[in-house]
Amino acid sequence: MDPNRGNDPNKSQKPDGNQPRNNYFTPLMIALALVLVFSWVMNMVESSQYTQTTYSDFLEAKAAGQLAEVEFQTDRVVYMTKEEAAKPPSQQKACYTGLPDGGDWAAMSEELAAQGVTVNEKIVEDNSFIMMILSYVIMIGGLFFVMNLLTKRMGGDGMMGGFGKSKAKVYMEKQTGVTFKDVAGQDEAKESLQEIIDFLHNPQKYTAIGAKLPKGALLVGSPGTGKTLLAKAVAGEADVPFFSISGSDFVEMFVGMGASRVRDLFQQAAKVAPCIIFIDEIDAVGRSRDNRFGSNSEQEQTLNQLLSEIDGFESSKGIVCLAATNRPEILDKALLRPGRFDRRIIVDRPNLQGRLDTLKVHTRKIRLSEDVDLRKIAQATAGAVGADLANLVNEAALRAVRHGRQAVNQEDLMVSFETVIAGTEKKNTVLTDMEKRLVAYHEVGHALVAALEKHAQPVSKITIVPHTSGALGYTMQMPEEEKFLNTADELRTELRTLVGGRAAEQVVFGVQTTGAANDIHRATALARNMVTQYGMSEKFGLMSTASVQNQYLDGQAYMDCAQSTAAEVDSEVKKILETAYEDAKRILRENRGLLDEISEFLLVKETITGDELMAYIQADQKKLESSAQESEEAKPEE
Ligand code: ADP
Ligand code: ZN
């Protein structure tokens, strides 16, 4: 079967998979041929069991009295000689010969019977011809049915054609039922999309002036920020059908199949225009055709088809193509040319208000108890995207059900927040007492360094309950308000907080554990950013030595400086980390009493709140003040 079938221009003109196809000819012919071959083979088998003789041979055998058994059939007589009948049954071979017309067969059978020959009654099969025709028809019909079923299963049009035919997973929704009300925040994006909605509502208004509307818009943002949701909402607001397909569905093994899918998609869309076509993950097909990212001819062909389809449809028809990606930088420039996806709509991670709104949207249908404070949750979830928040709310609802409650309370939300962030609490990880002590001191080390610094974010919770994510404990810091800028001092404080865990291990036990790996990783990344991007090191000052490549995915930065400079960057990073580590150790040594006290308390309680932590610190400061006063009062008396 020809893998290039999808390329055949005639082929693609055939009706799509949703319509009845009328190509019955091929299966019918094949069924017929099969039946003919079958009957021929049957004939061969049958005749090999008999030896054909002449009628006079039969008469001779009869005259010689050699017949053992005779059977008169419609058109022939089958007989067996005594010689054959004496053989074992498997080797017996009967003879047959034609019957001349008009013979008196009744008389002959009587004569034979008198000779002692076994005569089988003549089977009169008047309708045998009709039966034969009928059986053939039934056979052909049955085969035809089965074959048609098989080709349908293969999803193709008619026999075998299905192999190269579009199986594209095009999802068409007549009405998405999603409106802008379901999309929280993202006001800028909504504003840009408003025009498209207006256009779909009322294309004449634009065409009358002669304005050409953009055929496509590119939604750019991190995964889970609501790009699909926004596209659906556009369709919902405009009340038009919504076609969606993922870019990866176009990527096929055989050259040309992706292109035929693109063609199919646009053909289907044209039938129901006005409508929205949404292509998710367009980077799967739309990546740049230069070979840097390893493109191939199938992908190129698909992309070319996509480009020509986009150029091909008249925007006055009312088809708007929306595409989503989180890697706009790898897209082919041709896709972004004016008249194609020239509008770029940024779908950002939500800010505090956006998160609060998202939580509100997702809790609309959920019964909340009175103690729920969504703002607190929104504050705690800086950096989370819409999908995370939707997940969080659902987890909370599930937890409420598990606990047999009628409504979701604040605790459910907080716990599921931790589930989403740190994995579910893992109660059965058994730590030895020593491990537990280490974890407790480690976490208090973080918390104490943070709490004693004025630039640090307040600690809201410390726990040594292990989580499935692998964290044996963690310290949660919650910013009081959202921050978009960080000063160098704040970043240095963050560094000290990050290495505070390791510092506590070192100061108290003189050991280093593997538990600090994640802290070290984060601290190093932060210090590196300070040197390479933020211009916060003495050595490099304002010089940038790295640039961010894919901002919307991992935000990974790549060094773009000489190798010798990169080595110097490393030593600068090391210096910053060492300073932070020394500072953290100093802070903990100076507050050793407090460190012990809080760690012991944490060991007993396993989880302590930020307020409890602050109470310890304040009590300690009061103690210090009063002892300072005492010593001052004592002085004059000396
Ligand atoms: P993307 O396409 O950007 O990866 P989706 O649109 O598939 O993300 O979002 C996944 C889910 O996250 C949505 O179905 C929705 O429940 C939730 N979500 C994301 N962003 C928002 C938002 N701004 N408002 C409400 N829900 C959102
Ligand atoms: Zn740590």
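H446 and D519 are both buried, where buried means under 20% relative accessible area, exposed over 50% and partly exposed in between, with a 1.4 Å probe and protein chains only. This is a predicted model, in which local features need pLDDT of at least 70, side-chain atom pairs count only at pLDDT 80 or more, and totals for chains, interfaces and linings use all residues. Residues are numbered from 1 along each chain as its sequence is written, chains are lettered from A and ligands numbered from 1 in the order in which they are written, and side-chain values use heavy atoms, with hydrogens and water left out.

What do these two residues hold? Because H446 sits in helix α18 (residues 433-451) and D519 in helix α20 (residues 517-532), the pair ties together parts 73 residues apart in sequence. Helices are DSSP runs of H or I with at least four residues, strands are runs of E with at least two, and both are numbered from the N terminus.

Now turn to helix α19 (residues 488-509). Its 22 residues reach 31 Å from first C-alpha to last, close to the 32 Å expected at 1.5 Å a residue; the expected span is 1.5 Å times one less than the number of residues. Even so, α19 bends by about 45 degrees at G500, the bend being the angle between axes fitted to the seven residues ending there and the seven starting there. Of the 22 residues of α19, 16 are buried, so the helix is largely enclosed by the rest of the structure. G510, with a positive phi near 65 degrees, follows α19.

Buried in α22 are L594, L595, I598, S599, L602 and L603. Seen down the axis of α22, its buried residues fall within an arc of 160 degrees, so they line one face of the helix; the arc is that of the directions from the helix axis to the C-beta atoms. After α22 comes E606, whose phi is positive, near 70 degrees.
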